[in-house]
Amino acid sequence: MYIPDDTIVAISSATGSAARGIIRVSGPEALGLADAIFPGGGTATFSVPHGRQNPLPLVAGWDDKIARTSINFNIGGDDGVSVAEAVSWSVLKGRCRLTKAVFCPADLYIFRAPHSYTTQDMVEFHLPGSGPLLQMVLQGLLTTGARLAEPGEFTARAFFNGRIDLTEAEAVAEVINARSDGQLRAAERLLDGRLHRVCSEITRQLTEALALAETNIDFSEEDIEFATGEQLRGQIATVSGDLDRLLTDSMTWDELTHLPRVAVAGPANAGKSSLVNSLSGIDRSIVSSIAGATRDLLTVPLSLPDGECMLIDTAGLHNAAEAVSDSLAEAARKLSRRAVATCDLLLWVFDASEADSHGFSAPPDNMELPKHVILIANKIDLPHHKQRLDDILSAVSTCSIGVSALRGDNLNLLKSRIDNMLRKILTCETPTQAMALTVRQRQLLQNGRDCLNEVISLLEGVGRDVSNGPDHLQWELLAVELRSCLDHLGCVSGVVITEDVLDNIFSRFCVGK
């Protein structure tokens, strides 16, 4: 379990060389440790731009008074300002001590408590992004008294200190791990507190219902009824409907996690495998002048400007009327057809040098095609009738392009078109306001809904059991189910939580976050 009151340090920038690396320190001794290795020079103080509620991407719940200020830069003199003298939200420009005689240029960002991500005193060293240099500074801070942070410990402190709730903490992890634009947008919707607000409103209504139920229990021997079963039935039905809509309208992370599938298909010897290898930069597929070299589906990830997709190299496809040489070729053809039918985007490849006045090798008859297709004329490096090919590409209604997998002609343009088309596909298929729930969140909400179903079942007996008076209801059982539902909702936001659940959530973070 985390120790909340000592001073922690970690490299928070990504692994590898970069223009800038960041070391983050948080805790009661953060300013003192920074002062020990940072003899600052000039200072540039700044504050949050006017009206901006969330100055950093991973920070929520900032005080309103911060957001009311405007930006203001003030460069100090040559004598410099010490860390102790620096105000919150300031940047000290100076040098960081590596050894007694060796320094490196650095900027020191100061965040005084409680106006920081963790609500503690926090500093960030912004340094040249050299791995060995960052390790030297990190070791210096560890030597002077800091402790190396556990994975996710900075965000854990933000949670424990009330800066964010558990749904927002989980959203931070999803932002870090996002591999596509859709995942990032869904994580940002969690990060802005939307799930927290929905759960808070449901909790408020259930708390009112529980108060009425418990009041009826307290005064059960009196001739007083504070709430009828009919009143509670309407209130619980409203809350249950809200929970049902939340579960129905939300997506699972599994739906967003899978990479878009882009099938590369076409007739034999069109250069599909060469194209897959050239686009991905990995010689995954066997390339041969002999037709039918590819018999199985081969997948390889492809990095795009806005994410990734999974390229699928398929066996050559023929018209159904054409003879198939053997049973293995027939199995390969069936597998390819299935891949084409289930992909998100099809790249149909044909040999530009074989295009003639009759057209090009189109997809086989009666083959199920996806909605989105890019027509690719490969091998434009070989002799071909340019005007005829241009006429073919301009005549088709789908997106089209001529490329050379061998020379690399137009491959970057093809990547850009794949990226743009996938972005449009995913935007259409993913509602812009849909939330994505983690497995933990969805299970807790379903458990809460099950409790409400039990409450509704109990309320069905209103007016039927008259053994203890008119409209008698077993309020005790009703209150138990309402409390259970509130507990499940409290676990979503972290109001009710166990240590092992927290360990499981924050273990998904990388060190420094």
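Modeller: This is a predicted model. Strand S12 (residues 345–351) and S13 pair in the parallel sense, over 6 bridges.

Biologist: What makes S12 and S13 a pair?

Modeller: Pairing needs at least two bridges. S12 and S13 have 6 bridges, so they count as paired. Leu347 stands opposite Ile374 in S13.

Biologist: Which strand pairs with S13 over 4 bridges?

Modeller: Strand S14 (residues 399–402), again in the parallel sense. Ala377 stands opposite Gly402 in S14.

Biologist: Why is S13 called largely enclosed?

Modeller: In S13 (residues 373–378), 6 of the 6 residues are buried, so the rest of the structure largely encloses the strand. Val373, Leu375 and Ala377 point one way. Ile374, Ile376 and Asn378 point the other way. All are buried.

Biologist: How do you know that the buried residues of helix H1 lie on the same side?

Modeller: The buried residues of H1 (residues 30–37) are Ala30, Leu31, Leu33, Ala34 and Ile37. They cover an arc of only 165° around the axis, so they sit on the same side of H1. They pack against several elements, including strand S2 (18–26) and helix H3 (131–143).

Biologist: Why is Cys485 called buried?

Modeller: Buried means under 20% relative accessible area. Cys485 has 0%, so the label applies. Cys104, at 5%, is buried too.

Definitions and conventions
Residues numbered from 1 in each chain as written. Predicted model: local features only at pLDDT ≥ 70, side-chain atom pairs only at ≥ 80, totals over all residues. Heavy atoms only, no water. Buried < 20%, exposed > 50% of the residue type's maximum accessible area, 1.4 Å probe, protein only. Helix = DSSP H or I, 4+ residues; strand = E, 2+ residues; numbered from the N terminus. Arc of directions from axis to C-beta. Contact = heavy atoms within 4.5 Å.
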